[in-house]
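Here is a brisk report on one structure.

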Amino acid sequence: MKDTRTLTQIALMTTLIIVLGFIPPIPLGFIPVPIVLQNLGIMMAALLLGWKKGTLSILLFLTISIFVPAFTGGNTLLPVLSGPTTGYVIAWLFVPSLYSLLTANKASKNPIWIFLAIFLTGVLWVDVLGSIGLAFRIGMPLKTALLSNLAFVPGDTIKAILACLVASRVKLESRSPKKSLA
């Protein structure tokens, strides 16, 4: 884990997650959780880095966000964990591991299965845990929280498709022979 390439990959993914936090959130009005793009970075961490490096990049993001307002909307970690989005953030930590479990089989390298695995982990898992946290933090009935999270599914599905497309392209580029500049 001490090699420069690994550390660079983790740092770059952490940076991507932070940069996606600079994009302003879209409030929905009927739920105190906005639409954000940072979960796209979480999906990318799972797809490109796997469980170990992906989880480390998310942990590094969370550590940085203790001191720096790295979350969407200019928030630090403690207000996020004490607010309605706590369940989503906790779920993020498990996305790379769960994704890796679903795609550990060689036959699971099928692009459709890769999309389904990231959809199950990066969209459904996050929304269900987010709903539980939302219900707990603001006293909303769990059924209402789950139903209100259906508003996120179309946009998160688009993010999952985009993450899969970008990840497949990055992996393809990293496998192709390097051309000499000379």
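G41 is a residue of helix α2. The model is a predicted one. With a relative accessible area of 0%, G41 is buried, because buried means under 20%. W92 is 51 residues away from G41 in sequence. In space, the C-alpha atoms of G41 and W92 are 9.9 Å apart.

A91 belongs to helix α4, which covers residues 86–92. A91 also has a relative accessible area of 0%, so A91 is buried. I66 and A91 are 25 residues apart along the chain. Their C-alpha atoms are separated by 18 Å.

Now helix α6. F136 lies in this helix. Is F136 buried or exposed? F136 is exposed, with a relative accessible area of 65%; the cut-off for exposed is over 50%. P84 is 52 residues from F136 in sequence, and 8.2 Å separates the two C-alpha atoms.

F115 is found in helix α6 too. At 22% relative accessibility, F115 counts as partly exposed, because that class lies between the 20% limit for buried and the 50% limit for exposed. F94 is 21 residues from F115 in sequence. The C-alpha distance between F115 and F94 is 17 Å.

The table sets out these pairs.

| Pair | Separation in sequence | C-alpha to C-alpha distance |
|---|---|---|
| G41 and W92 | 51 residues | 9.9 Å |
| F136 and P84 | 52 residues | 8.2 Å |
| F115 and F94 | 21 residues | 17 Å |
| A91 and I66 | 25 residues | 18 Å |

Next, helix packing. Helix α1 spans residues 4–20 and helix α2 spans residues 38–67. The two pack at an angle of about 80 degrees. Their axes are 8 Å apart. Angles of 65 to 115 degrees count as roughly perpendicular, and α1 and α2 are therefore roughly perpendicular to each other. Which classes of residue make up the contact of α1 with α2? There are 17 nonpolar, 6 polar and 1 charged residues in this contact.

On to charge pairing. Side chains of opposite charge can pair when their charged atoms come close. How many salt bridges does a search of the whole structure find? The search finds 1. K159 forms a salt bridge with D156. The closest N and O atoms of the two are 3.0 Å apart, and the cut-off for a salt bridge is within 4 Å. Both residues sit in helix α8, residues 153–175. K159 and D156 are 3 residues apart, so about one helical turn separates them.

Last, the surface. V128, I132, L142 and L146 form a nonpolar patch there. Together they have about 310 Å² of accessible area. Which elements give two or more residues to the nonpolar patch? They are α6, residues 111–138, and α7, residues 142–148.

V128 is one of the patch residues and lies in helix α6. At 41% relative accessibility, V128 counts as partly exposed. Patches are made of residues with over 30% relative accessible area, so V128, at 41%, passes that cut-off.

Definitions and conventions: Residues are numbered from 1 along each chain as its sequence is written. This is a predicted model: local features need pLDDT of at least 70, side-chain atom pairs count only at pLDDT 80 or more; totals for chains, interfaces and linings use all residues. Side-chain values use heavy atoms; hydrogens and water are left out. Axes are lines fitted to C-alpha atoms, for helices over the stretch in contact, and angles run from 0 to 180 degrees between N-to-C directions. Helices (H or I, at least four residues) and strands (E, at least two) are DSSP runs, numbered from the N terminus. Angles under 35 degrees count as roughly parallel, over 145 as roughly antiparallel, 65 to 115 as roughly perpendicular and the rest as oblique. Ala, Val, Leu, Ile, Met, Phe, Trp, Tyr, Cys and Pro count as nonpolar, Asp, Glu, Lys and Arg as charged, and the others, Gly among them, as polar. Patches are made of residues with over 30% relative accessible area and no salt bridge: like charges are joined within 9 Å, nonpolar side chains (Val, Leu, Ile, Met, Phe, Trp, Tyr) within 5 Å. Accessible areas come from the Shrake-Rupley method with a 1.4 Å probe; for residues, only the protein chains shown count as cover. A salt bridge is a side-chain nitrogen of Lys or Arg within 4 Å of a carboxyl oxygen of Asp or Glu. Buried means under 20% relative accessible area, exposed over 50%, partly exposed in between (1.4 Å probe, protein chains only).
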